[in-house]
Amino acid sequence: MNSIPGTRSDDTSPSGGPGGEGHVLAQNRVLMQIYELLLERFGPQHWWPGETPFEVVVGAILTQSAAWRNVERAISNLKAADSLSMEGILSLPVERLSELVRPSGYFNMKARKLKAVCSFLAETCSGDLARMSLRPLDEVRKELLSVYGIGPETADSILLYACNMPTFVVDAYTRRIFGRLGLVDPKEGYEDLRRFFMDRLPKSVPLFNEYHALLVALGKNICLSRKPKCGECPLNGLCARASGRQAMARY
Ligand code: SF4
C-alpha cells in the first residue's frame, strides 16, 4: 500500500504523530510534491481568465454556481454594453444589470452582488485594486467578507487573482482531491481547510495562483466526482483512495 510518510493517522511517533512537528514538515513536503507533479502534468495555467483585475472581480462573483462558459457570455454582454467597469455597473439600473448577467444564472441576486462589491470598491479604494493590495491581507479579507454576496471562496479569489495578495483559494475540487488523497477531512469548514494550506506552503502569490488553477485542472479532467480516472492521475502514488482500491482489488 502506498502511503505518505508522516501523514498517516496511525503514525504515533512523538514528532511524527498527527499535529507533531515531523508530521507537519512531512505534509509541507508532500504539498510541494503534489504541486510539482501537477505542474509537470498540466503545465502553468496562467490564471485567472480575465483581462483586467476588475474583470476578475466580476468573474469571481458570476462564477458562483455557474459554468465558466456562461460567465463568459455574461461578461461579453457587459462589455458589449460598455458597462464592464465599477462606474458602469454602479450607474446601470439593477434590472438592466440583471438582464446583462442573465446567462450566468441567479441573475437578480448576482446583479445585486455586483452592485454591492462595486460600492465597496468605490468606498474603500476608489476602484483602485492595486491600492487595496497595499493593506494587510487579514484586514481587507475581513472587510470583503462583510460585503453582500461575498463568501470566503469568492473573497479569496478576488484577493489572490485581482489584488495579488497571498491567500489560498479552497473550492470543491480542493476539498475533493485532498480528501481523497487522505490529507484532510473533506467535511472540515472552509477556514480550517484554508489554514491547512496557508500554514504549510510558502506565502507566495505565484505559487497559490498556480496551485489552485492546477487543482481545478485535475478536478475537471481526472479526479472527477463520480468516476475518478486514477490510472491517469499524476498523484496516484500519493493517494489514499487509489491505494485503498488497489489493496481491495488484491483480495
Ligand atoms: S488517484 Fe484518483 S482519487 Fe486520487 S487524486 Fe488522483 S484521480 Fe483523485
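Which residues in H1 meet Glu-210, Tyr-211, Leu-214, Ala-217 and Leu-218 in H12? Select Tyr-35, Leu-38, Leu-39 and Phe-42 to find them. Contact here means that C-beta atoms, placed from the backbone, lie within 7 Å.

**Before you start.** This is a predicted model: local features need pLDDT of at least 70, side-chain atom pairs count only at pLDDT 80 or more, and totals for chains, interfaces and linings use all residues. Residues are numbered from 1 along each chain as its sequence is written.

**Stop 1: H1 and H12.** Show helix H1 (21-42) and helix H12 (residues 205-221). Helices are DSSP runs (H or I, at least four residues), numbered from the N terminus. The two pack at an angle of about 65 degrees, their axes 10 Å apart. Axes are lines fitted to C-alpha atoms over the stretch in contact, and angles run from 0 to 180 degrees between N-to-C directions. The residues of this contact divide into 8 nonpolar, no polar and 1 charged. Nonpolar covers Ala, Val, Leu, Ile, Met, Phe, Trp, Tyr, Cys and Pro; charged covers Asp, Glu, Lys and Arg; the others, Gly among them, are polar.

Stop 2: Select Trp-47 and Trp-48. A cis peptide bond joins them, with omega about 0 degrees. Trp-48 sits in the loop between H1 and helix H2 (53-62). Most peptide bonds are trans.

**Stop 3: two positive phi values.** Most residues other than glycine have a negative phi. Go to Ser-65, where phi is near 55 degrees. Ser-65 is in the loop between H2 and helix H3 (68-80). Why does Ser-65 count as exposed? Because it has 10 C-beta neighbours inside 10 Å, and exposed means 12 or fewer, buried 20 or more, partly exposed in between. Next, pick Asn-164, again with phi near 55 degrees. Its loop runs between helix H9 (152-162) and helix H10 (172-181). Asn-164 is partly exposed, with 15 other C-beta atoms within 10 Å.

**Last stop: confidence.** Colour by pLDDT, the predictor's confidence in each residue, from 0 to 100. The chain averages 90, and 89% of the residues score at least 70. Select residues 1-14: pLDDT stays under 50 there. Then select residues 246-251, where pLDDT also stays under 50.

Notes: Two residues are in contact if their C-beta atoms, placed from the backbone, lie within 7 Å.
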